[in-house]
Amino acid sequence: MELRKDPITRSWVITGDEPVETTKQEGCPYCQGAPDPPQVIASAGLTEGFPWGARAVVHPQPVYRIEGDPSRRGDGLYDQMRAVGAHEVLLENPRHDRQIWMAPEADIENFLSLAAQRIQDLKKDRRFKYITVFKNHGAVAGQEFEHPSSQLTATTFVPRRVLYELRSGRQYHVQKERCVFCDILAQEERQAVRMVESIGDYVASCPYAPRVPYETWIMPRAHQAAFEHGVLTRHHNLRDLASLLKRTLRRIRTITEDFHLVLHTTPNTLHKSDVLDYWRTIDEDYHWHIEILPILARKAKSYSFKEVYFTPVTSETAALRLRGANIE
Ligand SMILES: [Zn+2]
Ligand SMILES: [Zn+2]
Ligand SMILES: [Zn+2]
């Protein structure tokens, strides 16, 4: 695998000819008593009746490898680098049948703490510019493991979508000296047409310009740039976030089972890039959030033309339906 930069859009892609898939092993490799247990990197909390809670393990077929330097180099006008990074599986629960929307809040807190710990830990490695935590659920979403899990990647570049957000956040701050995310949240709470639910300091709402039907974001109401900072300093009540995440996924699952979820937090600010210029006011201009992108398989065709996102359900209608969903 190697990373190549598109010289026009300046976004990095990872490419390589994948080896032919090996035969799948019997049984779940992540359940207790698996014959060939995975290499554990870290764990957080305890689940009742199990010797562990949430755990980070090495991905069996990592896209990024931890050893070595990115050795960035040119090839004529092109840029490429080695796929150096980290690729982990975050086991959300020791129980095979406890997805986030089924789990007790205490278990979800373990998972959120684990994600925060891993992000903070990997940010100590100066090679890594960004750590992504994401979950693909359902065959259409590209789910890899049956066991309740998310994945984490640490990369030597900032993913394009996050870069857009960082640049916009910074530009908005230059003009107004305010956080664009805080301003959006304040307006959403005032208008109250795209709000799904709020619990304590956390808010779930549908974005004004959704990319897919029922797209939903979860954000802390009080300004906070880095997710891991908020979680590890116990600045916010983690139980409320766990509860809102669970309830929001339950709502979305009344519409569709498949979804992508991604956490957006600050990049590694040990990397002070003069080119990108995003770190100076980052604590004031960026605001972490969780994005949930449901997949409506039957409708996929109608919005597969991705040059312009076409979303056949407005966020006002989506929020109304999600608010009214029966999740008990
Ligand atoms: Zn399992
Ligand atoms: Zn903010
Ligand atoms: Zn985002």
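Residues are numbered from 1 along each chain as its sequence is written, and chains are lettered from A and ligands numbered from 1 in the order in which they are written. In this predicted model, local features need pLDDT of at least 70 and side-chain atom pairs count only at pLDDT 80 or more, while totals for chains, interfaces and linings use all residues.

The protein is assigned domain 1 (2-155) and domain 2 (160-324), with bounds from an automatic or database domain assignment. The centres of the two domains, taken over C-alpha atoms, are 21 Å apart. Contact (C-beta atoms, placed from the backbone, within 7 Å) involves 26 residues of domain 1 and 30 residues of domain 2. On the domain 1 side, helix 1 (105-122) and strand 8 (130-137) are the elements that give two or more residues; helices (H or I, at least four residues) and strands (E, at least two) are DSSP runs, numbered from the N terminus. Helix 1 provides the largest share, nine residues.

F181, L185 and E188 of helix 3 are buried, that is, 20 or more other C-beta atoms lie within 10 Å of their own, against 12 or fewer for exposed residues and values in between for partly exposed ones, with C-beta atoms placed from the backbone. The buried residues of helix 3 pack against strand 10 (195-199), strand 11 (202-205), strand 12 (216-220) and strand 14 (289-294). Exposed Q187, R190 and Q191 lie on the face turned away from the buried side of helix 3.

Technical notes. Contact = placed C-beta atoms within 7 Å.
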